[in-house]
Amino acid sequence: MSEKRPMKYLLMIYENEKAFESLPEADVQRVMGEYATFTEALHSSGNFVAGEELEPTTAATTVRIRDGKRLTTDGPFAETREQLGGFFLVEARDLDEAIGIASRIPSARHGSIEVRPVREFTPPEA
């Protein structure tokens, strides 16, 4: 019987970027240190695939095609309390392991982490 291969999960980090921007520098440094420790542990465990912090929503551009025309707007389209601030792409045995990993992300304490399985794309055979 073959061993089940790990699935990929996208762990999307949502938090209130205005609240984070207002933190004292010492608190920002503490949180960034927690992220460095967490990321190192992900690498050591073999779960890490990718991860990045995103620029604030003020740097975002939203693109839509309507009636064949490209429309762009600055920032996110809807006002929300939490914004997507970064992500980790991980490999995990199952959803329970992915949730366990997500619960260790420092921002889970004051924001939220969306855990979503990645659908593996298999190109059609030629």
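# Reading the fold and its ring cluster

Contacts between residues 24 or more positions apart make up 76% of the contacts in the protein with a separation of 6 or more. The model is a predicted one.

Me: What counts as a contact in that 76%?
Reply: A contact means heavy atoms within 4.5 Å. Of the contacts with a separation of 6 or more, 76% join residues 24 or more positions apart.

Me: Which elements does the protein have, and in what order do they run?
Reply: There are three helices and six strands. Starting at the N terminus, the order is β-α-α-β-β-β-β-α-β.

Me: Why is the protein called more spread out than a compact globule?
Reply: The globule rule gives 14 Å for 126 residues, and the radius of gyration of the protein is 17 Å, well over that value, so the protein is more spread out than a compact globule. The box filled by the C-alpha atoms, taken along the principal axes, is roughly 50 × 50 × 20 Å.

Me: How much of the protein counts as buried, and what makes a residue buried?
Reply: A residue is buried if its relative accessible area is under 20%. Of the 126 residues, 25% count as buried. The protein exposes about 9300 Å², with 54% of it supplied by carbon and sulfur atoms.

Me: What makes Tyr-35 and Phe-88 a stacked pair?
Reply: Rings pair if their centres lie within 6.5 Å, and planes under 30 degrees apart count as stacked. The rings of Tyr-35 and Phe-88 are 6.5 Å apart centre to centre, with 10 degrees between the planes, and the pair is stacked. Tyr-35 lies in helix α2 (residues 25-45) and Phe-88 in strand β5 (residues 83-92), 53 residues apart, which makes this a link between distant parts of the chain. Both residues, Tyr-35 and Phe-88, are buried.

Me: Why is the pair of Phe-38 and Phe-88 called edge-to-face?
Reply: Planes over 60 degrees apart count as edge-to-face. For Phe-38 and Phe-88 the angle between the planes is 75 degrees and the centres are 5.2 Å apart, so the pair is edge-to-face. This pair also joins helix α2, which holds Phe-38, to strand β5, which holds Phe-88, across 50 residues. Phe-38 and Phe-88 are both buried.

Me: What makes Tyr-35, Phe-38 and Phe-88 a cluster?
Reply: Ring pairs link Tyr-35, Phe-38 and Phe-88. The structure holds two aromatic pairs, and Phe-88 takes part in the pair with Tyr-35 and in the pair with Phe-38.

Me: How far apart are the mean positions of the positive and negative charges?
Reply: They are 6 Å apart, for 15 positive and 22 negative charges.

How values were computed:
Residues numbered from 1 in each chain as written. Predicted model: local features only at pLDDT ≥ 70, side-chain atom pairs only at ≥ 80, totals over all residues. Heavy atoms only, no water. Helix = DSSP H or I, 4+ residues; strand = E, 2+ residues; numbered from the N terminus. Rg over C-alpha atoms; globule rule 2.2 N^0.38 Å. Buried < 20%, exposed > 50% of the residue type's maximum accessible area, 1.4 Å probe, protein only. Areas by Shrake-Rupley, 256 points an atom, 1.4 Å probe, with all protein chains shown as cover. Lys, Arg positive; Asp, Glu negative; His and termini not counted. Charge placed at Lys NZ, Arg CZ, Asp CG, Glu CD. Phe/Tyr/Trp six-rings, centres within 6.5 Å; stacked < 30°, edge-to-face > 60°.
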